Amino acid sequence: MNINIHWKPDKKFTCPACKKASLLHNCVENGVKLAVLATEELVQIWEADLYRCPGCGEFVLTDFGKKPQWTKEKGWLNDSGKMPAAEGWLARIEAEAKVRGKMGVVKVGKG
């Protein structure tokens, strides 16, 4: 599946692929995890929403939070001391998503 990453949507929530249709009412899944990798090493985990363009059919990941949920430098955003290692947490999210038929984790390289 090809997914466009749309970090800063415009006010009309225009599709970045076809530039014509609005994504506004076409949310497919909320809370999709985006794992940002640098040479195969996990550096950030974001949460976003997955939309499908009604015009061209492209999937678009957008509507990110203001901060990543996890970073290599700082760890978890709201850590109560009980959060697992990020890699294990992502593996669990992937496994649960497969069982539910959901998106799971989108992995992108950073460079």
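User: Is Arg 92 buried, exposed or partly exposed?

Analyst: In this predicted model, local features need pLDDT of at least 70 and side-chain atom pairs count only at pLDDT 80 or more, while totals for chains, interfaces and linings use all residues. Residues are numbered from 1 along each chain as its sequence is written, and side-chain values use heavy atoms, with hydrogens and water left out. Buried means under 20% relative accessible area, exposed over 50%, and partly exposed in between, with a 1.4 Å probe and protein chains only. Arg 92, at 41% relative accessibility, counts as partly exposed.

User: With which residue does the side chain of Arg 92 meet in a salt bridge?

Analyst: Side chains of opposite charge can pair when their charged atoms come close. A salt bridge here is a side-chain nitrogen of Lys or Arg within 4 Å of a carboxyl oxygen of Asp or Glu. Arg 92 meets Glu 96 in this way, at 3.4 Å from N to O, and both lie in helix α1 (residues 86-100), four residues apart, about one turn of the helix. Helices (H or I, at least four residues) and strands (E, at least two) are DSSP runs, numbered from the N terminus.

User: Which residue forms a salt bridge with Lys 33?

Analyst: The partner of Lys 33 is Glu 47, with the closest N and O atoms 2.4 Å apart. Because Lys 33 lies in strand β2 and Glu 47 in strand β3, the pair ties together parts that are 14 residues apart in sequence. Lys 33 is buried, with a relative accessible area of 10%, whereas Glu 47 is partly exposed at 32%.

User: How do β2 and β3 pair, in the parallel or the antiparallel sense?

Analyst: Two strands pair if DSSP finds at least two bridges between them. Strand β2 (residues 27-38) and strand β3 (residues 41-52) pair in the antiparallel sense over nine bridges, and Glu 47 is also the bridge partner of Lys 33. The two strands form a hairpin with two residues between them, and Thr 39 in the turn has a positive phi of about 45°. With strand β7 (residues 105-109), β2 pairs in the parallel sense over five bridges.

User: How many disulfides does a search of the whole structure find?

Analyst: A disulfide is a covalent bond between the sulfur atoms of two cysteines. Counting a pair of cysteine sulfur atoms within 2.5 Å as a disulfide, the search finds zero. For Cys 15, the nearest cysteine sulfur is that of Cys 53, 3.6 Å away, and Cys 15 counts as buried at 1% relative accessibility.
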